[in-house]
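Q: Could you take a close look with me at one part of this structure, the sheet and the contact between the chains that goes with it? I would like a connected account that I can follow on screen.

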Protein chains: 2
Amino acid sequence: MRFRVDIRRREGLSDPEGVTTRRALRDLGYDAVADVHFGRTIYLDLDLDADDPDAATADVAEMCERLLANPVIEDYDIEVVG
Amino acid sequence: MRFRVDIRRREGLSDPEGVTTRRALRDLGYDAVADVHFGRTIYLDLDLDADDPDAATADVAEMCERLLANPVIEDYDIEVVG
């Protein structure tokens, strides 16, 4: 079972990588670029005996809290993708 | 108009961040974790006069080729999300 975890900085926190990229794109002539935000995506392939998406999603959420994300400054979404 | 760009390392290329994270998750007891891959997500907000998703998507693809992605080692997907 494949999971996709989207990790984004919480709303309201500064995103220096996004600010720099926005400036670089506008310097290249893309004047329509109003805002840029960066996130991380992690694809997890789990080998599961039982096909229980809810239990597996709960496991992935625990992995996010313990290791993958920084819950102080980041939000995450978990999606089953395969 | 908001675009989401998913950037992933091409299939077959090594992903040291993923390998290290897989090991760390298994060390934490998540034995079901078979594989981990990392990607980047970039959210772009564009201020457009005309609401032409195709033209705007082409612009975003050009931004990927010129600045956002590394086409030599990365693939990207562009999606209109708002």
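Predicted model: local features only at pLDDT ≥ 70, side-chain atom pairs only at ≥ 80, totals over all residues.

β2(A) is joined to β2 of chain B (residues 33-46) by 13 bridges, and the two strands run antiparallel. On this pair, A:Ile42 stands opposite B:Phe38 in β2(B). Within chain B, β1 (residues 2-9) and β2(B) pair over 7 bridges in the antiparallel sense, and B:Arg8 faces B:Gly39 of β2(B) across that pairing.

Put together, the strands make an open sheet of 6, in the order β3(A)-β1(A)-β2(A)-β2(B)-β1(B)-β3(B), with antiparallel pairing. β3 (74-80) of chain A and β3 (74-80) of chain B stand at the edges with a single partner strand each, so one side of each has no neighbour in the sheet. On average, neighbouring strands of this sheet are turned by 25 degrees against each other, direction ignored.

Next come the helices. α2(A) lies across β1, β2 and β3 of chain A together with β2 of chain B, and runs at about 150 degrees to β3(A). Helix α1 of chain B (residues 16-27) packs on the sheet as well, touching β2 of chain A along with β1 and β2 of chain B. The direction of this chain B helix makes about 125 degrees with that of β2(B).

That brings us to the contact between the chains as a whole. Chain A gives 32 residues to it and chain B gives 32 residues. The area buried between chain A and chain B is about 2900 Å², with carbon and sulfur atoms giving 58% of that area. Between the two chains there are 17 residue pairs in polar contact, both residues being at pLDDT 80 or more. On the side of chain A that touches chain B, β1 (2-9), α1 (16-27), β2 (33-46) and α2 (53-68) of chain A each supply at least two residues. The largest share of that side comes from β2(A), with 14 residues. By type, the residues on this side of chain A divide into 17 nonpolar, 4 polar and 11 charged.

Finally, the count of salt bridges between chain A and chain B is 2. B:Arg4 forms a salt bridge with A:Asp6, where the closest N and O atoms are 3.3 Å apart.

Key:
Residues numbered from 1 in each chain as written. Chains lettered and ligands numbered in written order. Heavy atoms only, no water. Contact = heavy atoms within 4.5 Å. Buried area = accessible area lost by both parts, 1.4 Å probe. Salt bridge = Lys/Arg side-chain N within 4 Å of Asp/Glu carboxyl O. Polar contact = N/O pair within 3.5 Å; in protein donor to acceptor, adjacent residues only side chain to side chain. Helix = DSSP H or I, 4+ residues; strand = E, 2+ residues; numbered from the N terminus. Nonpolar A, V, L, I, M, F, W, Y, C, P; charged D, E, K, R; others polar. Pairing = 2+ DSSP bridges. Axes fitted to C-alpha atoms, helices over the stretch in contact; angles between N-to-C directions.
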